[in-house]
Amino acid sequence: MIRYGDVITDSIVDGPGIRVVTFLQGCPRRCEGCHNPSLLPREGGQEITERELAKMLLKKLTPKHAGLTFSGGDPLMQWEKLLNVISFIRKRKPGVNIWVYTGYTFEEVKDLPVMELIDVLVDGPFIIKEKDISLVFRGSRNQRIIDVSKSLESGEIREFFLEKNVVNS
Ligand code: SF4
């Protein structure tokens, strides 16, 4: 069972295009100015099987959507369950574009098996002193938008090229 707070189908701020965003429950950090404090307690939200969540997300994905985003909370707190969800989705829709937001740095999580199934990782905690409202798809300057497969292949951080076309339809 995976724990989540909400799913929305019309986000334009959690990655390129219109995206289906799943807010997973639980985060070990307590960043000042956290945008989603109700998602921090591990025991909050609701439980669902990984298969049911994957099926729900596949049903919500329509041709207008550019992809799926997992936010929170910190989705990588439940990384084994997230791996099950994304594996199920990738078996049925291999090319779906997947972004994950996490408070961990890329260096801390790069060896988790789930990373191989993620297209883009927005990493690092929200740091209020680094907040910059002109940033796109991230809240503070320390956070990086990382092309995961290029970074894993090269062994060094490769930032995601924002103009890249990710629409699946
Ligand atoms: S990492 Fe994100 S969800 Fe967790 S406390 Fe910080 S801002 Fe909130």
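# A guided tour of the predicted model

Begin by selecting V85, I98, V100, I118, V120 and L121, the residues with the most contacts inside the largest nonpolar core, which has 33 residues. Such a core is a set of buried Ala, Val, Leu, Ile, Met, Phe, Trp, Tyr and Cys residues joined through C-beta atoms within 7 Å. A residue is buried if 20 or more other C-beta atoms lie within 10 Å of its own, exposed if 12 or fewer, and partly exposed in between, with C-beta atoms placed from the backbone. The elements that give two or more residues to this core are β1 (2-11), β2 (18-24), α1 (50-60), β4 (65-71), α2 (79-92), β5 (98-101) and β6 (120-123). In soluble globular proteins, nonpolar side chains tend to be buried together.

The model is predicted: local features need pLDDT of at least 70 and side-chain atom pairs count only at pLDDT 80 or more, while totals for chains, interfaces and linings use all residues. Residues are numbered from 1 along each chain as its sequence is written.

**The whole chain**

Followed from the N terminus, the order is β-β-β-α-β-α-β-α-β-β-α. The radius of gyration is 15 Å, close to the 15 Å that the globule rule gives for 169 residues, so the protein is as compact as a globular protein of that length. That radius is taken over C-alpha atoms, and the rule is 2.2 Å times the number of residues to the power 0.38. Along the principal axes, the C-alpha atoms fill a box of roughly 40 × 35 × 30 Å.

Of the 169 residues, 38% count as buried. Among contacts with a separation of 6 or more, 63% come from residues 24 or more positions apart; two residues are in contact if their C-beta atoms, placed from the backbone, lie within 7 Å.

**Inside the core**

Return to I118 and show its contacts: not counting residues up to four places away in sequence, I118 touches I98, V100 and V148.

Next select L82 in helix α2. L82 is buried, with 24 other C-beta atoms within 10 Å. Leaving aside neighbours within four places in sequence, its contacts are F70, P75 and V114. A distance drawn between the C-alpha atoms of L82 and E50 reads 7.5 Å, although the two are 32 residues apart in sequence.

**Helix α1**

Look down the axis of α1 and select its buried residues, L53, A54 and L57. They fall within an arc of 100 degrees, so they line one face of the helix; the arc is that of the directions from the helix axis to the C-beta atoms. An α-helix has 3.6 residues a turn, so residues three or four places apart point the same way. On the other side of α1, R51 and K59 are exposed. The buried residues of α1 pack against β1, β2, β3 (46-48), β4 and α2.

L57 counts as buried, with 22 C-beta neighbours inside 10 Å. Beyond its neighbours within four places in sequence, L57 is in contact with V20, T22, L68 and I89.

**The ligand**

Select the ligand and the 13 residues that surround it; the closest are C27, C31, C34, G103 and F126. A residue is counted here if its C-beta atom, placed from the backbone, lies within 6 Å. The shell divides into six nonpolar, four polar and three charged residues. Ala, Val, Leu, Ile, Met, Phe, Trp, Tyr, Cys and Pro count as nonpolar, Asp, Glu, Lys and Arg as charged, and the others, Gly among them, as polar.

**Loops**

Move to the peptide bond between G72 and G73, which is cis, with omega about 10 degrees. G73 is in the loop between β4 and α2. Then select F137, in the loop between β6 and β7 (144-147). F137 is not a glycine, yet its phi is positive, about 65 degrees. Most residues other than glycine have a negative phi, and most peptide bonds are trans. With 18 C-beta neighbours inside 10 Å, F137 counts as partly exposed.

Finish at T62, in the loop between α1 and β4. T62 counts as exposed, with 11 C-beta neighbours inside 10 Å. From T62 to R138, C-alpha to C-alpha, the distance is 25 Å.

Methods. Helices (H or I, at least four residues) and strands (E, at least two) are DSSP runs, numbered from the N terminus.
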